[in-house]
Amino acid sequence: RRRRVPATVIFSGITRRFGHAATDRQEAYLTQAEIEAAEDHDALAGECARAVAQGVASYPQLLGRLEELEGMVQKAFDEASEEPKITSREACLSFNCQPLVPKAQVAKEAAGLPSTSKVPTTPQLMRQCMTLAFNELLEARKNLVYIGEDVQHGGYYRVTEGLHAKHGWRVADFPPDETSLLGVGIGYAQAGLVPIVEIPYAKYLDCGGDMFFEAVIMNWLSVGRKPCGMVIRLQGFDKGVFGGNYHTHNILHLPPGLDVVAYSNGPDYVRGLRHAVAQAAAGRVVMLVDSTDLLNRRYLFDKDDAWRRPYPVDQSDVMDFDEVTTHGEGDRLLIVSYGNGVPTALRARAALEQEHGASGIVVADAPYLSGVPGGLVDLLPRFKAVLFADVCKMGQHPQAGQVCQLQAQGVLPAKWRSIAAVPTYNPLGSTLTFLSEEDVIKGALPLLG
C-alpha cells in the first residue's frame, strides 16, 4: 500500500474446511487424523495472526470486520428471502436481457452524437467500412472501449488499423487469453464503460466459454440489476483456406439473452454496429459475427466491384434486428441467408436463371440469428416456397430455430426446405465443407418444380 503497486499474498496448503458440498463426504477419502489436521491448519487464521504480529491490524479490528461481513451476508439472505418468487415461464423469459431500445430512439440519439472525422465518398471494402464505423463510435461515445489481441496494431484483418493512435488507451491490447479478455469486458461493463471485445477467431470463443456465458446470463441472474452490456466482435468465421477448422469455424453459440448478428456487407455492418452499441449501452450483450471471406471482397461476378460500397455517413441511419434486405423480384422462391451465404445465394440464383430457366427468385439477407426478424415474418406470405440456406454446420445452424418459430406462427409456405454446411470439420487449404452455390441450387430445384 505504501508503494501503491499491486501485491500478492501466496497461501500454501489450503484445504476445503467443510468439503465441497453436502455430498462431498471427506471421510470417504481422508482419515479422521487428516480431517482434524486440515481443520487445525487454517490459512486465514494464520494470516490474521501474522497481521496482528506485524502491527497491520488488531484482533478487535479483525473481529469487527468479520462481524461486519457476517451482517452483510445475513442482510443479503434476508432481502433475498423476501423477494417475489418466480411463478411463471414468462417471468423467467423477461429477465433474459435488458429491454430492446427502439430503432427510432437509437436513431434520434445517434443524430445528436458528435463526429469530427471525414469519411471517403468512394466505395469501400467491408473491412474499411468497419474501421470507419469503429472510429465514428469511439469519437461519439467517450465511454466506449475496444479491447482484443493485437488490436493496437490493426488486428488480424487490419480492421482496427489506426484506431489506437487516435483513441489511445481506449483501444488496447490484452494477452492471448480469451477468458481474461471477456472477464475484463465484464468488469468494464460493471464499471460503466461500453466494451467492444474482439475475439480473433470464432473457434477461440470456446477458450473463453465460461466468461462468455457468464456475461450473457448475468442479467438473468441479477434479475436485470447487473447487466453486462457489451459488443462481442467474433471474427475468423466461415469460409476460408487459412488455418483449417480452428480459423474457419462455422458453429455459433446462441444462449438465451444474446443477440447474434452476421452482416453480409460494409454499409449494413456500419448501420448495424450503431444499433448494437446502443443496445450494449443499455445493457444487452450483442455478438457481431464477421465472415472472413467478405472482409476484402470486391466482386460478385467478374470485375463488377459490387461488394465495395459507400460508407453510410448519416449517423442516424441504423439497422435494427428486424430489418431484412431483399435482392430481386418475384414470388416463386425466397432464399433466406446471412453473412457469406448472401453472395453465395446470389450467384446460385444467377445460375438457376441462366442454366435452368428459373425466374421469380428473391434472395433475402436476414442477419439477425437469435430470433426471427420481423421483416422476415412480413416477407414470407408473399412467396410460394422458401429455402433457408445456412452457412453454419447442419445440426448447429441457427436457421433451424427460426424454422421452428416460423412454423409455430403459421407463416411458412407449404413448400420449404432447409440446407446448411456439411456436419464435419473444415480441412486446411480447402473450401470443400462450406455452403456452396451447388448446395443452394440443389436445394432450390425441387422447390421450383
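Residues are numbered from 1 along each chain as its sequence is written, and side-chain values use heavy atoms, with hydrogens and water left out. Because the model is predicted, local features need pLDDT of at least 70 and side-chain atom pairs count only at pLDDT 80 or more, whereas totals for chains, interfaces and linings use all residues.

An open sheet of 5 strands is arranged in the order β7-β9-β8-β10-β11, with mixed pairing; helices (H or I, at least four residues) and strands (E, at least two) are DSSP runs numbered from the N terminus, and two strands pair if DSSP finds at least two bridges between them. The edges are formed by β7 (325-327) and β11 (415-421), each of which pairs on one side only. Neighbouring strands of this sheet are turned by 20 degrees against each other on average, direction ignored, where axes are lines fitted to C-alpha atoms, for helices over the stretch in contact, and angles run from 0 to 180 degrees between N-to-C directions. The pairing of β7 with β9 (residues 361-365) is antiparallel and comprises 3 bridges, and His 327 has Val 363 in β9 as its bridge partner. Helix α12 (residues 341-356) lies across β7, β8 (333-337), β9 and β10 (385-393), and runs at about 175 degrees to β9.

Helix α9 (residues 209-221) has 13 residues, which at 1.5 Å a residue should span 18 Å, in agreement with the 17 Å between its end C-alpha atoms; the expected span is 1.5 Å times one less than the number of residues.

The loop between β4 (230-237) and β5 (258-261) contains His 249, which counts as buried at 6% relative accessibility. Leaving aside residues up to four places away in sequence, the contacts of His 249 include Lys 203, Asp 206, Asp 238 and Asn 426, contact meaning heavy atoms within 4.5 Å. Asp 238 lies in this loop between β4 and β5 and is buried, with a relative accessible area of 2%. Most residues other than glycine have a negative phi; the phi of Asp 238, however, is positive, near 70 degrees.

Across the whole structure, 9 aromatic pairs are found, with rings of Phe, Tyr and Trp (its six-membered ring) pairing if their centres lie within 6.5 Å, and planes under 30 degrees apart counted as stacked, over 60 as edge-to-face and the rest as tilted. The rings of Phe 134 and Tyr 146 have centres 5.1 Å apart and planes at 80 degrees, so this pair is edge-to-face; Phe 134 belongs to helix α6 (residues 126-140) and Tyr 146 to strand β1 (residues 144-148). The pair of Phe 321 and Tyr 368 is stacked, because the ring centres are 4.6 Å apart and the planes stand at 20 degrees. Phe 321 is buried at 5% relative accessibility, as is Tyr 368 with a relative accessible area of 13%.

Definitions and conventions: Buried means under 20% relative accessible area, exposed over 50%, partly exposed in between (1.4 Å probe, protein chains only).
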